[in-house]
Amino acid sequence: MALSIHSSDAGHSSDWAFKRLFKLESECRSPSLAAQVQAIGQFPKLFDQFPFPTLVGSAFLKLGDLFCNSPNSLRYHIAQVFAASQHHLLHSAYTEELLRRVLVVLYSNDPIARVLALRLIGNASIVFAKFPEAQHGVLLRYQSTHPLEVAAAVHTTESLLKYSPEFLSVVWETVIAKASDTSVLDSVRAQLIRSLRHAAPNLQLSTLLYDHCSFWVDQPGSTIAVKEAALAAWKAAIQPHNELRHADAERISHFILHELGCMRHAALALLGMWRPNISGATGDANDIKDRLVMYIELQLQSPTSSSDFHSTRLAVVSLARIEALHGTQDTPQCWTFAESLAKGAIDAFDALVDSEDTPMLTSAQRALTDASERGLPANAPLVNLVRGTMLVINVASVLRRPELILSATAAVTSAWRAISCKPGSSGDRRYVKRFLETTWIWCNKSGTGSALAASLDSMLDTTNCHVFDAVIAIARRDKLGDSLIRQCLQVTDGFNPATSPDALQAHSRNAQWNSVAIILARTRGTNT
């Protein structure tokens with residue numbers, strides 16, 4: 001009985017949906033252009049409400065017919081519908097018929113109509129990408145002399161490559177020729193070069209891309225936009241079979257002192273892929289090291305609001321690789337920089353926790369906690385705390401010196417303690433949980449897990465659910481050690497749940513309840 005009612009409701013909904021589709025089709029034939037635009041704009045809502053394959057397929061075919069026989073003003077709105085509802089295209093069984101209707105416009109004599117057809121193919125690339133007819137049609141548009149048409153072909157190529165990277169081998173020669181042509185618009189060249197990142201999985205094409213990017217970076221007439229795109233594509237070309245050469249790393253290092261931040265970041269991101277080796281020239285490595293040191297010192301001296309933590313981290317890790325290769329008995333510069341950044345991030349986070357009700361902070365702390373100025377999320381101090389701690393871990397892992405691994409563990413302990421002093425918010429939960437898991441795993445693999453576990457006794461009164469969850473997980477694996485368990489037993493000595501909450505301070509209550517939970521978690525973990 002229930003099944004028949006359900007089937008009846010489904011049939012009623014289907015009938016209503018098709019009636020709605022027929023009404024929209026009728027309104028699309030209205031002599032009023034405004035009514036037509038309004039009707040076209042209702043299709044995405046119809047697809048979301050009734051994602052029936054038959055309905056979706058029929059509706060897209062009707063939009064395809066309308067696209068063939070409408071003026072360009074309506075074609076634009078139809079292309080927007082395809083962009084908004086591209087995920088529904090997967091439900092359509094009439095993809096080939098739909099593509100044929102679009103190709104009619106693509107091969108018309110109107111360049112604007114061809115531009116709109118290219119846009120629609122790009123918006124529907126999730127289903128059109130693997131069709132040779134669509135690929136060939138886009139490839140022909142590169143021969144156009146109309147700048148808008150070429151720009152649309154570039155945009156569509158990028159969309160098709162997202163779902164069909166094999167298309168790159170078809171369009172490779174054309175894209176390379178356009179990207180190397182300095183008479184082409186900078187924005188078009190840059191987008192073409194960025195689209196070449198899809199060559200990374202292809203052994204032959206990634207090798208060719210490496211040489212082309214090296215040429216574009218120094219090509220006469222290449223603008224900043226083109227050089228930045230070339231550096232980004234070059235990074236994608238770096239593969240195990242295609243490592244960054246020492247001489248090229250030296251060339252790229254000049255850009256890390258560029259006046260524009262976008263160029264500095266692109267150069268550092270590419271330099272981060274470099275793995276120095278003994279066979280490289282020592283003099284060139286020292287030159288790269290000097291530029292990295294100069295960049296890091298400038299970042300540390302500049303106001304925090306104008307510094308780039310991410311780029312600075314890339315520079316410090318690259319510096320660590322050079323210093324790890326050549327070795328030194330003294331404290332490496334990269335470690336000094338990493339420790340300074342981590343300590344500054346922890347101090348600023350502590351200041352935020354301790355002074356949330358205080359309107360006055362130091363200028364450095366105020367700059368670090370001002371998320372709007374730095375383009376960071378509202379939890380910028382927490383983000384910097386995590387980044388600073390992970391930087392110390394990265395540098396210690398590169399240098400592989402026992403004393404630095406112990407120092408990195410101490411930095412992890414400080415970060416855990418800082419986070420435990422701040423009540424957790426739901427928005428930070430996944431981020432903090434991943435950080436705690438990652439740092440605990442690293443400490444265990446480095447042989448310093450016991451040192452981290454031994455420091456948890458100072459966090460027994462935490463109100464931060466994330467840190468407490470991590471401690472419980474460690475207790476279940478019986479990794480806490482006897483010292484903390486003894487501390488928990490001492491805290492719970494004489495514990496009485498019936499004690500009035502007013503009789504104990506908040507941190508004492510937290511310590512008692514958390515200690516009980518830790519002991520129970522360890523007991524259950526041991527029994528299992």
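**Note on ring contacts and cysteines**

1. Searching the whole structure gives 7 aromatic pairs. Here, rings of Phe, Tyr and Trp (its six-membered ring) pair if their centres lie within 6.5 Å, and planes under 30 degrees apart count as stacked, over 60 as edge-to-face and the rest as tilted. One of these pairs is Phe18 with Phe22, which is tilted, at 6.3 Å centre to centre and 45 degrees between the planes. Phe18 and Phe22 are about one helical turn apart because they lie 4 residues apart in helix α1 (residues 2-28). Helices (H or I, at least four residues) are DSSP runs, numbered from the N terminus.

2. On provenance, this is a predicted model, in which local features need pLDDT of at least 70 and side-chain atom pairs count only at pLDDT 80 or more, while totals for chains, interfaces and linings use all residues. Residues are numbered from 1 along each chain as its sequence is written, and side-chain values use heavy atoms, with hydrogens and water left out.

3. Phe22 is partly exposed, since its relative accessibility is 47%. The terms are buried for under 20% relative accessible area, exposed for over 50%, and partly exposed in between (1.4 Å probe, protein chains only).

4. How are the rings of Tyr210 and Trp234 arranged? The pair is edge-to-face, because the planes stand at 85 degrees, with the centres 5.5 Å apart. This pair links distant parts of the chain, with Tyr210 in helix α13 (residues 203-218) and Trp234 in helix α14 (residues 224-237), 24 residues apart. Tyr210 has a relative accessible area of 0% and is therefore buried; Trp234, at 0% relative accessibility, is buried.

5. Phe43, Phe47, Phe60 and Phe82 are joined into a cluster by ring pairs. The C-alpha atom of Phe60 is 10.0 Å from that of Glu97, and the two residues are 37 apart along the chain. Glu97 belongs to helix α6 (residues 95-106) and is partly exposed, its relative accessible area being 32%.

6. A charge is also placed over a ring: Arg75 lies over the face of Phe67, 5.8 Å from the ring centre. The criterion is NZ of Lys or CZ of Arg within 6 Å of the ring centre and within 35 degrees of the ring normal.

7. How many disulfides does a search of the whole structure find? The search returns 0 disulfides, a disulfide being a pair of cysteine sulfur atoms within 2.5 Å. Cys262 is partly exposed, at 31% relative accessible area, whereas Cys334 is buried, at 0% relative accessibility.

Terms used
Helix = DSSP H or I, 4+ residues; strand = E, 2+ residues; numbered from the N terminus.
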